[in-house]
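Here is a short briefing to read alongside the sequence and the 3D view. Please keep the structure open as you go through the points.

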Amino acid sequence: MKNRIRDLREDNNKSQFEVAKILGIQQNSYSQIETGKNTLQVDHLIKLAKFYETSTDYILGLTNEMKPYPKV
């Protein structure tokens, strides 16, 4: 998972600071999530999936399909 969120961030030309701001956390807290020192909270996972327009399963490494699921 940590590689996925870093790769998504880099592919979208975002800094850790920018993504942390979207999540409402400090940059150093986000950095610890990317390095695996801290866990990603469910609400942050959902925000990231919506922001990057992908699925939570993709971020978690459960699928290689980046396309999000249809909305309910």
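Helix α5 spans residues 56-60, and L60 belongs to it. Please note that this is a predicted model.

- L60 has a relative accessibility of 37%, so it counts as partly exposed.

**Helix α2**
- α2 runs through residues 16-23, and its buried residues are Q16, V19, A20 and L23.
- These residues sit on the same side of α2, because they cover an arc of only 100° around the axis.
- If you turn to the face pointing away from that buried side, you will find the exposed residues F17 and K21.
- The cover over the buried residues of α2 includes α1 (2-11), α3 (27-34) and α4 (42-52).
- G24 follows α2 and has a positive phi, near 75°.

**Helix α4**
- In α4, the buried residues are H44, L45, L48, A49 and Y52.
- Looking down the axis of α4, you would see its buried residues within an arc of 140°, so they line one face of the helix.
- V42 and K50 are exposed residues on the face of α4 turned away from its buried side.
- Among the elements covering the buried residues of α4 are α1, α2 and α5.

**Salt bridges**
- Side chains of opposite charge can pair when their charged atoms come close.
- With a cut-off of 4 Å between the side-chain nitrogen and the carboxyl oxygen, the count comes to two salt bridges.
- One of them pairs R6 with D7, whose closest N and O atoms are 3.4 Å apart.
- D7 is partly exposed because its relative accessibility is 32%, and R6 is also partly exposed, with a relative accessible area of 31%.
- R9 and E34 also meet through their side chains in a salt bridge, at 2.5 Å from N to O.
- This pair links distant parts of the chain, since R9 lies in helix α1 and E34 in helix α3, 25 residues apart.
- Are R9 and E34 buried or exposed? R9 is buried, with a relative accessible area of 10%, and E34 is buried at 7%.

How values were computed. Residues numbered from 1 in each chain as written. Predicted model: local features only at pLDDT ≥ 70, side-chain atom pairs only at ≥ 80, totals over all residues. Heavy atoms only, no water. Helix = DSSP H or I, 4+ residues; strand = E, 2+ residues; numbered from the N terminus. Buried < 20%, exposed > 50% of the residue type's maximum accessible area, 1.4 Å probe, protein only. Arc of directions from axis to C-beta. Contact = heavy atoms within 4.5 Å.
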